[in-house]
Structure formats: structure tokens, C-alpha cells
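Subject: Structure handover

Hello,

Here is the structure you asked about. Please open it first, then read my notes below.

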Amino acid sequence: MRLDPRLSQVFMKILLWTFTGFTLFILIFIIVNISIKGLPQVTPTFLLQDPLDMGRHGGIFSTIVATVYVTVLAILLASPLGVGSAIYLTEYTREGWVTRLIRFGAECLAGVPSIILGLFGFVLFVMKLGFGWSILSGGLTLAIMVLPIIIRTSEEAIKAVPQEYRQVCYSLGLSKWQTITRIVLPSALPGISTGIMLSVGRSLGETAVLLFTAGAALRTPTSLFDSGRTMAVHFYILAREGISMPNAYGTAAILMISILLINIVAYSLMQHLMKRYS
Amino acid sequence: MKKELYIERVLLFLALSSIGSLVTITVFIFWEGIPLIAYTGLKNFLLSSHWAPTRGHFGILAMIISSVLVTIGALVLGVPLGLACAITLAEFAPERVKTLLKPTLELLAGIPSVVYGFLGVIWLVPLIRDYLGGPGLSLLAGSVILGIMILPTVISISIDALSAVPDLYRDGSIALGATNWQTVHRVVLPAAGSGIVTAIILGMGRAIGETMAIIMVAGNALKIPTSILDPVRTLTANIALELGYASGRHREALFATGIVLFIIIMILNLAASAITRRR
């Protein structure tokens, strides 16, 4: 017996919306759960005091510092590489085997799991180059991790800048490089910032890479060669070893809310750019 | 003019950084891991499930099987759910709902994997232990958490694939008297097929490479699972659990585990990009 097509359509629509609603529910559940249990822990003291007794008491100040250090280092290293790659891909070449090779590299790099990056950073930076578990090793490995994100978003942003802008510049006698630095890049800036912000978000939440490259020392790092435990690693250790559930929730809440805010701002910047030029 | 040429060279050099990193990563992982595989023999390494690195046994079969099973489990949950979201948003939702829901669901990608693992331990594991039995930390728990974690990948790539299908197809089908659902089911989905396959393959890559969440919920036991309620240790978990203290042959064995994982991921990436290119 065949079901009436209109009836089966109603049935399928209900099913599809239920699934969508369920997915949305999962997201809301995660955010609400972590916020309700975590936010009450977040007090100025929690943010500004160092962890005491392995994180059982005290706050998370040193882990915030370590997180900021590795993230800033990763962004400083990856941004010029990523934006440079994007400029080269969009402005300087025609599609050919070189661009295919570069795109292929970026695509594959984006798919490399973080534990593999962790292994790599561990053997190259920590062991072979002798940087040890340090902010430097962590930042270098994170930079490789976020590079594909910056390339992809910058490329998209630069491509969104209308061709007419460039033609006007050339007709005014500007060189290619002047056109890029004075017109194309400033116009694409919101999109490029999107890539950088998404990279910050990715770095904040990363654990597997940093556990094996930046280590888990609880002291506040004071140099590039100091080990530093980031918030995500701290949260992992607190939760996994059952050291302190309240502190774990508090750390998770700060981590998750900052990442979500960063992603929301990043997304709206990109939307803004796309709307302006489409 | 000289300056322009110079700039172009510098930019080309920067642009080679991604492929350069990829090559360097490959070389180092293989360089560190190959000696162990040469020592045990490929067959003993891949086809034995006896892993006792301190006593010289390096068989990773149990972990390969666990990784594959957890990934299949993740797909069973994540693909229908993700595809349903993608179809709803791309085909049925009003424009305003779509512009609101799409970025919202993408936020799932921003939640750190340790948070997924943590909530898995707090909520899912006790649920499984109390209602289904076993230790709770299990293949099933791992599959469910990974299934949720691959959702953003599956959703966003599937939406792109569905949106790329020209409206002419839909109009033609509707004009022939098909309902909206018949149109989606018989016309749009087949037309977007290769894109959806790409979404599934990339979701698979995401699942098999995930580490922190799976360590927290899957139980990490060293044996071939016989039920979905058994605890399992994946390839990724094996590396992350032991790298901290491993040395000598043991460390090499972890890099060799990394090689296996790396090869699986690269095959998936190549397949995905081959499908995308053919389109």
C-alpha cells in the first residue's frame, strides 16, 4: 500500500523538524548546563587568584595567562602566513598546479587530527629543537593548527571584494601591491578578522595539542620557554582526575562562553562583509 | 617592477607554508614510527591485539577495531540527525528561521571537545550504566558523543551541497505535480549526493581523529569489544594516554599508531577532495 504523498510529506516534515529541534536542544542543553553550574563559581577571586593545591582551591589566573600567551603567539605566527597565502592565491596566480598544491596542503592540514599535531609538536619542538614543554612549542604547534582556518576565511574575504575596486586602482596608476595594501586588504578586513577570531576560538578550546607541547605546569609562565597549563588543559585535568568539580565547571563556563562569544562576533563580521559586497 | 616581483616571491613562499607544514608533519611522524613497525613487522603490529609495550608487545588491532566501531556508531547517529537539520534548513525553513538557526547550530563546532567529554561523563555515562548495564564508559557512550561532535561538519557541508542544487530542478519537479518532500527526496537529494557523501566522509575523519572527548567517555580498555556496552580504547586515546610517560620503543610504537591514524585520515581527505573536484 502506498501512502498518500501529501500525508507522507506531513509525516516527513514533522520528523525533520523534530530532529532539528533535538539538535538545537543538545546545543542549548550544553550551554545552559555548563552556565548554570559554572557561572556561580566565577567570581573576581576565581579569575585573579592562582590555582592552589593542584586546582582544588583558588582560581585559574595562571591558566588564563598561559592560554593568552599560546593563543597570541599562535595568531602572531599564523596570521602573516595565512593572509599572505590568501593574497597569493587570489591576487597573484591563475589557477594551476601551484594553487592546487597549496589548496590541497591547506585542506589536508585542516583535516589532520589534533593528536597528530600534538605528536608532531612534541617530537619536533619539545624534543628535537629542545624547546621543552613550553609556551613556544605550544604556540608554534597551534599556529600550524589554525593556519588553514586563516587561509580559507581570508581567501573568501578577499574574493568578496568586487573586481571593480581593483580596476579603479589600476586605472589610477597604482601598482598591484599598492592596490592590495590600500584597497583590497582594508575592504576585506572584517572577513580576515573573522578568520583570526575563529582561530582564537579554536586555540582556546584546544587540549590534545597543548597537553603535549605546552605541558601542564601550574606556575604562571614568565618566558617563552616556560611550561604553561592552558584553561582547556586545566579543565581536562580537574575533570578527569576528579580534583574539583566546582572549579572544573567554573573553568568550563569561562572557556565555553568566551569561545561562543568570539564565534558569534566572528560570524556577524563575515555576514556584514558579505552583505556589503553582494 | 623589481619590487613587485620580490613581493610575489615572498607571498609564494608564505603560501607554501601549509603544504610545507603538512610535509614536515608527515616526515616526522613516519620517521619516528617506522623503526617500530620494522622491528615488529607490519603484520604483528596491525594484526595482533596484544598491547603490552613495557614487555615488548605492540599489537594495535583492538584499537583499530575500536576506532572503526566508534566511528561507525558516530555516523549512525550523526548522519541522519545532521542530514535532517540540513534538509530542514535548506529546503523547508523560512528564510528568517534559516538565517537564525544555521549560525546557531554552527556554534556546536565551537564547543571544546573536553566539554563534550565532560558532559558525556556527567550525563550520558550514568544513564547508560543505570539503564543498559555495563560500566557506562563504553563504545556506545563514545559513539553518541562523537555523533554529536560531527553534527556541525555534516550539517554545514550538507547545507552547502543542497543549496548548490539549482532551483530549476525544484521548479521542474513541483510543476510535474510532486510534493515538496517528493522533490527533496527524489530530485534534490540525488543531485546533491556527492556533496552529502563529502560531508559524511569529513564527519568520519572528524570522528576517527577525535581524542579528548573519547578518552573521557569510552573507558579505554585494551580489548576487542564484544558488545556496545564494552569499554574501548581508540587509536587516538592510546596515543594521548601513553605519550606522557612513554620512552624508547614504546614511544616509537605511539608514533607508529599515529602513522596508522594519519594514513586513514589522509585517505578520507583525498577521497573527499576527489569527490569535490569531480563535481
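A residue is buried if 20 or more other C-beta atoms lie within 10 Å of its own, exposed if 12 or fewer, and partly exposed in between, with C-beta atoms placed from the backbone. Helices (H or I, at least four residues) and strands (E, at least two) are DSSP runs, numbered from the N terminus. With those terms, take helix α11 of chain B: 14 of its 17 residues are buried, so α11(B) is largely enclosed by the rest of the structure. This helix covers residues 193-209 and reaches 24 Å from its first C-alpha to its last. That is close to the 24 Å expected at 1.5 Å a residue. The expected span is 1.5 Å times one less than the number of residues.

Some ground rules. This is a predicted model, where local features need pLDDT of at least 70 and side-chain atom pairs count only at pLDDT 80 or more, while totals for chains, interfaces and linings use all residues. Residues are numbered from 1 along each chain as its sequence is written, and chains are lettered from A and ligands numbered from 1 in the order in which they are written.

Chain B overall

Chain B has 14 helices and two strands. Its C-alpha trace spans about 70 × 70 × 30 Å along its principal axes. Of its 279 residues, 52% count as buried. Two residues are in contact if their C-beta atoms, placed from the backbone, lie within 7 Å. Among contacts in chain B with a separation of 6 or more, 74% join residues 24 or more positions apart.

One buried residue

L36(B) sits in helix α2 (residues 17-40) of chain B. Why does L36(B) count as buried? It has 22 C-beta neighbours inside 10 Å. Leaving aside neighbours within four places in sequence, L36(B) is in contact with F58(B), R249(B), E252(B), A253(B) and A256(B).

A helix pair

The axes of helix α5 (residues 95-106) and helix α8 (residues 151-163) of chain B come within 9 Å and cross at roughly 145°. Axes are lines fitted to C-alpha atoms, for helices over the stretch in contact, and angles run from 0 to 180 degrees between N-to-C directions. From α5(B), K102(B), L105(B) and E106(B) meet P152(B), I155(B), S156(B) and I159(B) of α8(B).

Where the chains meet

How many residues of chain A are in contact with chain B? The count is 69 residues of chain A, against 58 residues of chain B. Helix α1 (residues 5-38) of chain A gives the largest share of chain A's side, 18 residues.

The largest nonpolar core has 178 residues. Such a core is a set of buried Ala, Val, Leu, Ile, Met, Phe, Trp, Tyr and Cys residues joined through C-beta atoms within 7 Å. Those with the most contacts inside it include F235(A) and V115(B). Helix α4 (residues 61-92) of chain B supplies the largest share of this core, 15 residues. Not counting residues up to four places away in sequence, F235(A) touches A248(A), T251(A), A252(A), L255(A) and V114(B).

UniProt records

The unreviewed UniProt entry for chain A marks residues 60-89 and 183-201, among others, as "transmembrane region". Such annotations may be inferred rather than shown by experiment; positions follow the numbering used here, and feature names are shortened. Residues 60-89 of chain A are 97% helix, with end C-alpha atoms 42 Å apart. Residues 183-201 of chain A are 100% helix, with ends 28 Å apart by C-alpha.

Best wishes
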